[in-house]
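Trainee: I have a model open on my screen and would like to learn how to read it. Could you walk me through it?

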Amino acid sequence: LGRKDYARLASEISGKAITLLKSNNLIPLNPRRYSRVSSIALTDYTEKQRGKEQPLFNKLVLKNFKKARSIVITLKSGKKDFRKAYVLAKKSRLVFLPVYLNVKSFKGSINLPEKYVRLVKKILRLKRKVLLISFGNPYIIQNFPSAKNYLCAYGSAGALQTAAFNAIVGLENIEGKLPVSINNADFIRGSGIQVKINHLIGTSAEQDTLYNFTAVDSLMKKAIRDSVFPGAVLLVGKGNKIIYFKPFGRQTYEPSAPPIKKNSIFDLASVTKVVGTTSAAMILYQEGKLKLDKRVADYLPEFNNNGKGAITIRNLLLHNSGLPAWMPFYKKYKTAKEVIRATMRAKLKFKPGEKYLYSDLGMITLQKVIEKITKTPIDKFLKKRVFRPLGMTRTMYNPPKKYWKDCVPTEVDNYWRMRLMKGRVHDETAYLLGGVAGHAGLFSTAGDIAKLLFVYLNNGNYNGRQIFEPRVIEQWTTKQTSQSSRALGWDTKSPRHSSAGHLFSANSFGHTGFTGTSVWVDKTRRLFVVLLTNRVYPTRKNRKILRFRPVIHDAIIRAVDYRF
């Protein structure tokens with residue numbers, strides 16, 4: 001296990017091995033809800049000296065539970081030690097009983113010593129919450145039919161002890177199955193209670209021992225030295241775990257500027273299209289309220305002019321509607337009503353469906369369709385249906401002033417608004433629309449966005465709440481035509497020149513934002529990356545991010561893929 005990828009493989013195998021055979025709604029448990037916890041380790045140690053050493057599982061209990069105590073029982077322990085263990089259990093609300101009994105060849109027995117059996121039975125009669133754990137011989141449950149909670153780890157290797165603890169406290173799914181039958185306990189081969197963790201788990205110190213992100217760190221620091229951006233937050237998640245989460249640089253290039261933090265709030269720019277508008281559209285689609293092949297004009301009669309009558313919702317999502325990419329509304333109009341009226345009256349660049357042209361106007365139009373269906377402004381709809389259920393508390397349009405200190409500035413606007421854009425949307429059209437628009441306007445943090453991306457990898461579920469249906473996720477994140485790399489709302493990885501780099505699988509989807517933001521999800525690897533920067537500070541003329549994005553994504557894949 002000298003190499004990190006070997007240790008990681010051992011960790012993953014151990015995690016999949018953990019098997020829960022009996023549970024009285026104890027697992028997963030939250031360490032913060034328990035005090036007066038004990039871990040009484042029963043070992044097959046014969047040396048007195050080893051009895052003074054705390055097994056790794058005991059150490060993890062002591063580290064993570066307040067007021068926890070532990071004791072180690074060995075084959076040399078006397079009556080005083082057993083009495084001490086019983087008293088400790090009696091004073092506890094939660095008792096762990098990790099049993100280290102290895103199956104040994106030619107020993108003639110795989111049973112626990114009788115004095116161990118008597119101690120465990122006495123503890124079980126205390127009516128405390130007790131979890132019996134086998135770090136070796138799974139057959140020990142035959143001695144304790146009254147045990148209500150029983151978990152098997154099959155061995156005492158460090159990776160197995162860590163995996164068992166993580167499974168108990170809800171840091172790992174439990175998916176192991178019994179490889180043998182335990183006849184006297186009515187467990188057949190293949191038995192096992194499955195426990196799925198439906199929320200995103202934060203980084204832990206353990207990740208540093210499993211992954212080598214040194215090259216990623218170096219690239220991010222070099223990017224700041226090279227003025228690719230003054231500040232950034234990079235988050236990498238795999239499955240239901242965040243495996244890398246770091247802030248870099250400062251809000252501006254000035255040495256006295258506030259440092260970027262993990263919870264710094266960035267202007268998402270066009271990432272709004274997928275985090276916001278596409279999320280709302282997916283919900284309405286799965287509810288049957290939004291039809292992909294229905295004409296936009298059927299929802300918005302005022303849109304039916306200048307040859308736009310044939311444009312469908314699908315055309316808007318695929319960016320092949322024929323609408324212009326954008327229009328400099330700020331040079332001509334002063335109000336949101338004027339911008340919407342001009343959007344509804346826009347002339348086409350080509351016939352609907354004829355070719356691909358990425359269009360802000362299309363997503364503004366989709367926003368109006370969504371608001372027409374829901375009879376609710378899109379910001380309020382998203383807060384109720386997506387952001388609040390996911391706990392995305394720092395994701396919003398028009399951040400209130402109390403958040404401005406955490407908002408990372410974008411551009412020094414010396415052409416229209418004549419001020420530094422901080423806490424106010426950078427995009428001119430979104431600004432005219434009051435900060436709430438289909439194509440731009442959302443502010444968020446890397447941690448918040450990670451929750452949404454996890455939902456895509458978790459079949460649309462978060463903490464038992466179904467946000468998206470699995471079939472909808474698959475449909476909307478899969479390339480739709482040979483005309484472009486677009487999925488529905490989302491983009492997919494193109495064979496060449498993708499911001500996701502070369503190494504993300506073809507089964508990937510994502511999006512970028514003008515201010516320097518991007519999100520990418522690799523469905524094959526169950527991996528997601530959130531990169532938030534303010535590359536437009538102090539000017540949008542800085543386009544170094546275009547070369548940097550593929551490089552950093554390739555470095556991330558090299559860090560997470562096995563190299564044996």
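Mentor: Gladly. Helices (H or I, at least four residues) and strands (E, at least two) are DSSP runs, numbered from the N terminus. In this protein there are 18 helices and 19 strands. Keep in mind that this is a predicted model, where local features need pLDDT of at least 70, side-chain atom pairs count only at pLDDT 80 or more, and totals for chains, interfaces and linings use all residues. Residues are numbered from 1 along each chain as its sequence is written, and side-chain values use heavy atoms, with hydrogens and water left out.

Trainee: In what order do the strands of the open sheet lie?

Mentor: In general, strands of a sheet pair through backbone hydrogen bonds, either parallel or antiparallel. Two strands count as paired if DSSP finds at least two bridges between them. Here 6 strands make an open sheet, ordered β8-β7-β19-β18-β17-β16, with antiparallel pairing. β8 (241-249) and β16 (491-492) are the edge strands; each has a single partner, so one side of each is left without a neighbour in the sheet.

Trainee: How many bridges join β7 to β19?

Mentor: There are 7 between β7 (residues 231-238) and β19 (residues 527-533). As an example to find on screen, valine 233 has leucine 532 in β19 as its bridge partner.

Trainee: And what joins β17 to its neighbours β16 and β18?

Mentor: β16 and β17 are linked by 2 bridges, with aspartate 491 opposite glycine 510 in β17. Between β17 and β18 there are 6 bridges, again antiparallel, and glycine 513 faces threonine 517 in β18. β17 and β18 form a hairpin with 3 residues between them, and glycine 516 in the turn has a positive phi of about 115°.

Trainee: Why is β17 described as largely enclosed?

Mentor: Buried means under 20% relative accessible area, exposed over 50%, partly exposed in between (1.4 Å probe, protein chains only). In β17, 5 of the 6 residues are buried, so the strand is largely enclosed by the rest of the structure. Across the 564 residues of the protein, 57% count as buried.

Trainee: Which residues does tyrosine 299 touch?

Mentor: Contact means heavy atoms within 4.5 Å. Tyrosine 299 sits in helix α10 (residues 296-299) and is buried, with a relative accessible area of 8%. Leaving out residues up to four places away in sequence, tyrosine 299 touches several residues, including Lys289, Leu290, Ile313 and Val369.
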